[in-house]
Amino acid sequence: MLKNLCQKMFGRSLWVYHANSGGCNGCDIEVLNVLTPYYDVERFGIKLVGSPRHADVMLCQGPAMHSTARALKRAYDAMPAPKLVFAIGSCACGGGIWFDSYPVLGPVERVVPVNYYIPGCPPRPEAIIYGVAVAVGLVDKKTAPIQLKQLVLPIPRYHPNELCGSGEMVVYERAEKV
Amino acid sequence: MSVSSKLKETLVCLKAGRVTLPYPAQARPVPEKFRGRPIFDVTKCTGCAGCANNCPAREILVFDICQEIRVLEYSGLRCTYCGRCADLCPEKAITLSHDFETGTDSIHDNQQRLEIFMSTCQRCGRCFEEPSALEELKMKGYRLDDLANDRWVFRSRSYLEGEPAVEDIPIEMD
Ligand code: SF4
Ligand code: SF4
Ligand code: SF4
């Protein structure tokens, strides 16, 4: 649904505003790298603008800090209506390695609603392009939650049909799995 | 600006050729030592929680849902791909993959959840020391292991359905 909305609303060029709310500058360098001739995102119509009032997309880097949260919120409010927020880097996605430190409020999600996440510290320029390509519908996302279990848990109580009574005792025959 | 300087600029640009990489259309290999997101191997992990204790981002959560199952949850929110967990894992259950294309619209897409079986003490039925001697009284009898035939023998019939033990300890699942 989000993707359809994206394609409808942002069918043409995306103008991005780059907001650093307290990151270490690593992600900023990678975002600027994406705009260089090597990665050239201008071929997708993506252009960096200097004011949130001209932007469709806000690229957030760094966690929300107590000192910058209000400014971040104001920048978000200043963007015209169909707007997207990309959280770039581990800091913006989840608070980074400083998630529990005293000036940090947490992920930027705490302050502005985030639509797309690009984890990495910093993410490769390719990863950023990939995230943007997922958003504009050029490629499909590759990740899904993973659940892994050890195959058969050798706990007799969980396999009632493999237990058999013999006299006063109970025998469980799968002990070789232990 | 004079025409000659424009011409010079054109020449410089032509000399450089085209450098733009055809990235999303064409895959781009990563360097050999690149660290992407960690992948957990559930068959090797022993649940020692060394990774959880040493992760600088406190990204891995280890908790027990019942006495035999330990859950290891990697949430993928703020992992910095530093590789510390992979370095110190005694079982080498974590490998840092070359997978960097993790951009997504839902942050929970990077989650990994492992359910690990914890071997229990044959006497008391727990992974760790009993909190008190009274607890032990509630257990359902000792287990005699028939090693020659590779099977477990319980001295109580309470494992069979319909024959619950008096004061059975309930299994707490989630
Ligand atoms: S995600 Fe890593 S590189 Fe990016 S701002 Fe945070 S600490 Fe710096
Ligand atoms: S992944 Fe390795 S370090 Fe982490 S709990 Fe399992 S065995 Fe221990
Ligand atoms: S790679 Fe680093 S940040 Fe990520 S889970 Fe392992 S120790 Fe934690």
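Guide: A residue counts as near a molecule or strand if one of its heavy atoms lies within 4 Å of it. This is a predicted model, in which local features need pLDDT of at least 70 and side-chain atom pairs count only at pLDDT 80 or more, while totals for chains, interfaces and linings use all residues. Residues are numbered from 1 along each chain as its sequence is written, chains are lettered from A and ligands numbered from 1 in the order in which they are written, and side-chain values use heavy atoms, leaving out hydrogens and water.

Visitor: How many charged residues are in the shell around ligand 1?

Guide: The shell includes A:Cys24, A:Cys27, A:Cys91, A:Trp98 and A:Cys121. Helices α2 and α4 (90-94) of chain A each supply at least two of its residues; helices (H or I, at least four residues) and strands (E, at least two) are DSSP runs, numbered from the N terminus. Ala, Val, Leu, Ile, Met, Phe, Trp, Tyr, Cys and Pro count as nonpolar, Asp, Glu, Lys and Arg as charged, and the others, Gly among them, as polar. The shell has six nonpolar residues, five polar ones, and charged residues: none.

Visitor: Which residue is joined to A:Cys121 by a cis peptide bond?

Guide: Most peptide bonds are trans. Here omega is about -10 degrees.

Visitor: How many charged residues does the shell around ligand 2 have?

Guide: Chain B supplies this shell, with B:Cys45, B:Cys48, B:Cys51, B:Cys89 and B:Glu91 among its residues. Eight are nonpolar and three polar. The charged count is one.

Visitor: What is the relative accessibility of B:Tyr81?

Guide: B:Tyr81 is one of the residues around ligand 3. It lies in the loop between β3 (69-74) and α3 (84-88) of chain B, and its phi is positive, about 55 degrees, although it is not a glycine. Buried means under 20% relative accessible area, exposed over 50%, partly exposed in between (1.4 Å probe, protein chains only). B:Tyr81 counts as buried because its relative accessibility is 11%.

Visitor: How far from A:Asp28 is the nearest side chain of opposite charge?

Guide: A:Asp28 lies in helix α2 of chain A and is buried without a salt bridge, that is, a side-chain nitrogen of Lys or Arg within 4 Å of a carboxyl oxygen of Asp or Glu. A:Asp28 touches A:His18, A:Asn20 and A:Gln61, not counting residues up to four places away in sequence; contact means heavy atoms within 4.5 Å. For charge, Lys and Arg count as positive and Asp and Glu as negative, with His and the chain ends not counted. The nearest opposite charge, A:Arg124, is at 17 Å.

Visitor: How many residues apart in sequence are the parts tied together by B:Arg37 and B:Asp99?

Guide: Their side chains meet in a salt bridge (3.1 Å, N to O). B:Arg37 lies in the loop between α1 and β1 (38-40) of chain B, and B:Asp99 in the loop between β4 (94-96) and β5 (112-117), so the pair ties together parts that are separated in sequence. B:Arg37 is buried at 7%, whereas B:Asp99 is partly exposed at 24%. The separation is 62 residues.
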